[in-house]
Amino acid sequence: MNVVLLSPGFPLDVSSFTRALARTGARVIGIGDQPVGALPAMVRDHLVHYEHVPLADTAAVLAALRGLARHVRIDQVECLWEPYVVLAATIREHLDLPGMGVEEATWFRDKEVMKRVLDAAGVRTPRHAGATTVAEVWEAAEQVGYPLIVKPVAGAGSADTYRVDTPARLAEVQQMIQHVPRVSVEEFVEGEEFTYDTVCGDGEVLFENVSWYQPRPLEQRSHEWVSPMTIALRDKDDPGLAGGLDMGRRVLTALGFTSGFTHMEWYRTADGEVVFGEIGARPPGARTVDVMNYATDGDLFDTWALAVTTGQAPPLTHRFNAASLFKRAQGSGRITRVEGLERLLREEGEHVCVVDLLPVGTPRRDWRATLLSDGMVIARHPELPELMRVLGRFATELEMFAE
Ligand SMILES: Nc1ncnc2c1ncn2[C@@H]1O[C@H](COP(=O)(O)OP(=O)(O)OP(=O)(O)O)[C@@H](O)[C@H]1O
Ligand SMILES: [Mg+2]
């Protein structure tokens, strides 16, 4: 079986998917923006062929694959990176291959079309309206009401996303979003935020995960002093999660998703109402796949690879609550010192799976641009209150400094 994988070495965790795919016995053909020399060695070792083509140039990608298809039979096209989910579908249609087509792929990329399809299926989405001009944004705000959220229809990482409480603030935000071609204006949903992540094969959900964000992602991205956490929850029978799990399954059905990774976000209000947030046809980012592996003692890279090539995968059970916690250094420039780590590892080390902090001497990362920030810790515990206690200690007692 010959599988074309878009961008096999970027973002970094795609490398592990590339290796897992090759280990199923599939012959993996990579195509991507990275020059072959820039591919991680692990990726190079698991590709039978690589085409270096700018992925933003659809015509060039299709031409390269047409050329390739004259020499080898291409059976399948996979993509794990958000910006090229529609490109993968375009290739499938062009080469007449099975799998998600362009229309369905667009439902996962365009937040207005996505919500329209889900509204028609009876899923509770935030009140919403799309807008391309300043006048349309005012009109959308009128329809939706305040407080509201303005965000790009094809956004990621909370970029250009604003909560707006008053018309005066909307006037300011209009200035800041001038460069965004199309925005979604939504009712602001007050509540807690969760994910619903799956691996599907042959139309069945083979793996499910619910993560809890602490605090809400918009808060994570607004306050530098926060140590953001993503907590993969062990107990999926918790009655508080039932509505989200049910919504997640209905969303996948409504969107006709059959094979691969999905990452959905949903809100739960104080009175227990469940509201759809967004969904991507890709794994969650910021090392959440590793977190889910620590939660299950499984290997979701393998699970995905088996799911997309055979339609099946051995079941996984959440044995732990597992979480990532991201650190931001105090000060700017280069990391100068880290405090508290030895003590925390001495006292809580048995619960810690990963410590991956920027080494002293390296420049700080831009915490607004990447959730990875200046470093991260993964910890796990079967009991949620215990895990929250450990995470709380890492949030306050582990300190990084920069100058
Ligand atoms: N209607 C809404 N009500 C309340 N908060 C919202 C709403 N829409 C977006 N947000 C906040 O903004 C964040 C980013 O929005 P969204 O998830 O739609 O965009 P994104 O940029 O694709 O996110 P990601 O960081 O997952 O890539 C959400 O996680 C949430 O905290
Ligand atoms: Mg999001």
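**Ligand shell**

I started with the shell around ligand 1, where I found 8 nonpolar, 5 polar and 7 charged residues. My classes: Ala, Val, Leu, Ile, Met, Phe, Trp, Tyr, Cys and Pro are nonpolar, Asp, Glu, Lys and Arg are charged, and the others, Gly among them, are polar. I note that this is a predicted model, in which local features need pLDDT of at least 70, side-chain atom pairs count only at pLDDT 80 or more, and totals for chains, interfaces and linings use all residues. Residues are numbered from 1 along each chain as its sequence is written, while chains are lettered from A and ligands numbered from 1 in the order in which they are written.

Which residues come nearest to ligand 1? I get G155, E186, V189, P217 and L218, out of 20 around it. A residue is near if its C-beta atom, placed from the backbone, lies within 6 Å of the molecule or strand. I then listed the elements that each supply at least two shell residues: β6 (148-152), β8 (183-187), α9 (217-220) and β14 (274-280). Helices (H or I, at least four residues) and strands (E, at least two) are DSSP runs, numbered from the N terminus.

**Domains**

I have three: domain 1 (2-103), domain 2 (127-187) and domain 3 (192-402). The bounds come from an automatic or database domain assignment. Where does ligand 1 lie relative to domain 2 and domain 3? Both give residues to its shell, so ligand 1 lies between them. I also checked domain 1 against domain 2: their C-alpha centres are 35 Å apart.

**Sheets**

I traced an open sheet of 4 strands, ordered β3-β2-β1-β4, with parallel pairing. β3 (49-52) and β4 (76-79) are at its edges with a single partner strand each, so one side of each has no neighbour in the sheet. The twist averages 20° from one strand to the next. Two strands pair if DSSP finds at least two bridges between them. β2 (residues 27-32) pairs with β3 over 4 bridges, in the parallel sense. Here I29 is opposite H49 in β3.

The other open sheet I looked up also has 4 strands, in the order β5-β8-β6-β7, and its pairing is antiparallel. β5 (128-131) and β7 (162-164) are the edge strands. Here the twist averages 25° from one strand to the next. I count 3 antiparallel bridges between β6 and β7. L148 has V164 in β7 as its bridge partner.

Next I took the hairpin of β9 and β10, which has 2 residues between the strands. The strands β9 (residues 192-201) and β10 (residues 204-209) run antiparallel and are joined by 5 bridges. D197 is opposite N209 in β10.

**Helix crossing**

At what angle do the axes of α1 and α12 cross? Roughly 50°, and the axes of α1 (residues 14-23) and α12 (residues 300-310) come within 8 Å. Axes are lines fitted to C-alpha atoms, for helices over the stretch in contact, and angles run from 0 to 180 degrees between N-to-C directions. The two helices are therefore oblique to each other. Under 35 degrees counts as roughly parallel, over 145 as roughly antiparallel, 65 to 115 as roughly perpendicular, and the rest as oblique.

Most residues other than glycine have a negative phi, and most peptide bonds are trans. I noted some exceptions. Y146 to P147 is a cis bond, omega near -5°. P147 lies in the loop between α7 (134-144) and β6. Q214 and P215 are also joined by a cis bond, omega about -10°. D96 has a positive phi of about 60°.
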